[in-house]
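Here's a quick briefing to read with the model open beside you.

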Amino acid sequence: MAYRVLARAYRSNTFDEVVGQDAIADTLKNAIASGRLHHGYLFTGTRGVGKTSMARILAKSLNCLSSDAPTAQPCCECDSCVAISQGEDVDVVEIDAASNTGVENIRELRSNATYRPARSRFKIYIIDEVHMLSVGAFNALLKTLEEPPSHIKFVLATTELHKVPATIQSRCQRFEFRAIDIAAIVGHLQAILDREKIGAEELVLRRIARLANGSMRDALSLLDTVLSYDSEHLTNEIVNQVLPPPHDELAFAIMECVAQNDAGGALKAVDDALQTGRTIERLCDHLIEHVRTLMLLNVCGLNTDLCDVAEAMRERLTPQARRFDAPTFVYMITLLEELRRSVKSSGAGRALAEAAVVRMAMSQNFSDVTKLLSQVGGLASSQALSGESANGPSKKKDQVTPDAIAHNDEIQSVGAFATAVPDVAALPQDTPSEGSHVVVDRSPESPTPAPGFDSGSAAIVNAPVKSSEWQKVAIDPLVVSFKEAGGGTITNVKRPDTPVPTDLNSIGCVVDGVMEEE
């Protein structure tokens with residue numbers, strides 16, 4: 001006899017055998033027992049979670065010949081049950097929408113639906129991957145799906161619910177199949193191995209379950225692969241040789257190096273991930289999902305139900321989640337999504353991926369502008385209190401020299417050009433003190449001053465200015481940008497007594513006093 005793969009040999013035959021979908025199975029059993037049968041059902045969920053199996057079990061329950069009425073416990077032995085299990089029953093028509101997408105296929109279905117079943121109670125149409133139907137085919141199905149003959153039942157299955165028109169969804173009872181929990185997959189695999197009289201280490205089954213990513217069919221296919229290598233006793237060494245490491249392990253290793261600011265280790269982890277045959281786009285997907293999980297655990301707590309992670313895995317991820325803050329997670333997800341889009345059209349996808357990982361690992365070396373401005377303002381305030389600057393004794397208030405300007409390279413590196421004089425209070429200031437002033441460093445790329453204010457305009461003056469001159473300074477692009485960055489308010493501008501040396505290439509203004517009206 002030809003070998004039957006595990007996914008077919010151990011396919012669920014009754015509602016009680018379905019793994020991980022207890023709520024849906026109980027709902028359908030209660031509907032059958034109470035006689036509240038709908039004419040259309042829509043099963044949605046990822047691959048391998050039991051949609052088609054549940055559709056066949058429902059068909060067996062409705063048409064079981066050993067019962068005088070629909071039953072929640074089909075016998076699985078009568079001619080109807082056996083034929084349905086094998087996909088060969090004349091009254092249960094399984095249609096692959098991916099290869100029958102046209103409107104003519106649905107017209108044929110409609111014409112055949114008028115005939116009563118040959119031997120069963122109901123004629124049941126199971127349409128798999130229904131989202132693949134064309135727009136015309138959906139429109140042709142609408143009326144029949146809404147008001148079918150009493151002997152017709154429809155079961156639609158799809159992995160992409162968003163592609164199914166709302167008009168179709170509203171005519172069906174919708175059931176959403178969830179990804180199967182790792183513990184449930186492990187238990188089912190262990191039961192199969194017990195029946196096959198094959199031994200296996202628990203770590204082997206857990207690794208297969210993680211690789212299956214919530215799909216029972218994928219788990220059984222992976223188990224078949226491992227059994228082809230050794231069908232007597234499965235060990236962790238065998239699995240390491242046959243199967244790639246789970247995606248969550250790879251993502252965890254990369255993010256652990258990022259958390260430790262180990263750029264070299266992160267690059268090695270990326271290389272290990274790509275050596276398993278994963279594409280860069282797929283690796284980005286894994287990393288984005290992993291970082292999202294860390295963000296949810298960090299923001300919402302360990303017990304949040306927003307992320308579908310096993311309890312044991314949550315405990316392992318929590319320490320890693322606490323090593324970053326929420327803005328960092330947002331930054332990482334944005335960076336990885338930009339990377340995922342970029343590698344599609346780039347011939348240097350690996351280089352882009354490695355650069356992104358290095359950037360995440362070295363993110364502690366970057367600071368935002370607001371924090372840096374606060375640090376500079378604090379430095380200026382402390383110098384004013386001590387009466388000494390970094391380059392020597394403090395200068396008089398009516399004197400501005402190159403030595404009095406405290407440059408900050410880190411601020412300039414992020415694009416904010418600001419300079420604090422020693423006698424300036426910490427920025428930002430809501431109410432500047434009398435006589436205090438601010439000097440804004442003008443870089444070569446900065447906009448030119450307003451007309452009438454050349455690069456030698458000074459900060460310390462006594463004579464009042466007219467309102468027209470005030471307006472010129474108020475609209476100066478550099479003054480406006482500095483006010484936005486520092487948060488201060490310029491209340492007055494006066495003419496200079498002592499001009500600022502032209503090599504400083506700066507403008508200045510007094511920030512306290514009364515403007516003289518023209």
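Two strands pair if DSSP finds at least two bridges between them, and strands themselves are DSSP runs of E with at least two residues, while helices are runs of H or I with at least four, both numbered from the N terminus. With that in hand: 5 strands make up an open sheet, ordered 2-3-4-1-5, and their pairing is parallel. This is a predicted model, so local features need pLDDT of at least 70 and side-chain atom pairs count only at pLDDT 80 or more, whereas totals for chains, interfaces and linings use all residues. Residues are numbered from 1 along each chain as its sequence is written, and side-chain values use heavy atoms, with hydrogens and water left out.

**The sheet and what packs on it**

- Strand 2 (92-96) and strand 5 (173-176) sit at the edges with a single partner strand each, so one side of each has no neighbour in the sheet.
- From one strand to the next, the twist averages 15 degrees; axes here are lines fitted to C-alpha atoms (for helices, over the stretch in contact), and angles run from 0 to 180 degrees between N-to-C directions.
- Strand 1 (residues 40-44) and strand 4 run parallel and are joined by 5 bridges.
- Look for Tyr 41, which has Val 155 of strand 4 opposite it.
- Helix 2 (residues 22-34) lies across strand 1 and strand 5, at about 150 degrees to strand 5.
- Helix 3 (residues 51-63) packs on the sheet too, touching strand 1, strand 2, strand 3 and strand 4. Its direction makes about 180 degrees with that of strand 3.

**Helix 6**

- Buried residues in helix 6 are Ala 137, Phe 138, Ala 140, Leu 141, Leu 142, Thr 144 and Leu 145. Buried means under 20% relative accessible area, exposed means over 50%, and partly exposed is in between (1.4 Å probe, protein chains only).
- Their cover includes helix 5 (103-113), strand 3 (123-128), strand 4 (152-158) and helix 7 (166-169).

**Gln 320**

- Gln 320 belongs to helix 15 (residues 311-321) and is buried, at 1% relative accessible area.
- Setting aside neighbours within four places in sequence, Gln 320 is in contact (heavy atoms within 4.5 Å) with Phe 252, Met 255, Glu 256, His 290 and Leu 294.

**Cysteines**

- The model has 0 disulfides, a disulfide being a pair of cysteine sulfur atoms within 2.5 Å.
- For Cys 75, the closest cysteine sulfur is in Cys 64, 3.5 Å away, which is too far for a bond.
- Cys 75 is partly exposed at 26% relative accessible area, while Cys 172 counts as buried at 10%.

**Asp 230**

- Asp 230 is in the loop between helix 10 (216-229) and strand 7 (233-234), and is partly exposed, with a relative accessible area of 24%.
- Asp 230 and Ile 198 are 32 residues apart along the chain, with their C-alpha atoms separated by 9.8 Å.

**The chain overall**

- The chain has 21 helices and 11 strands, and 45% of its 518 residues count as buried.
- Among contacts with a separation of 6 or more, 73% come from residues 24 or more positions apart.
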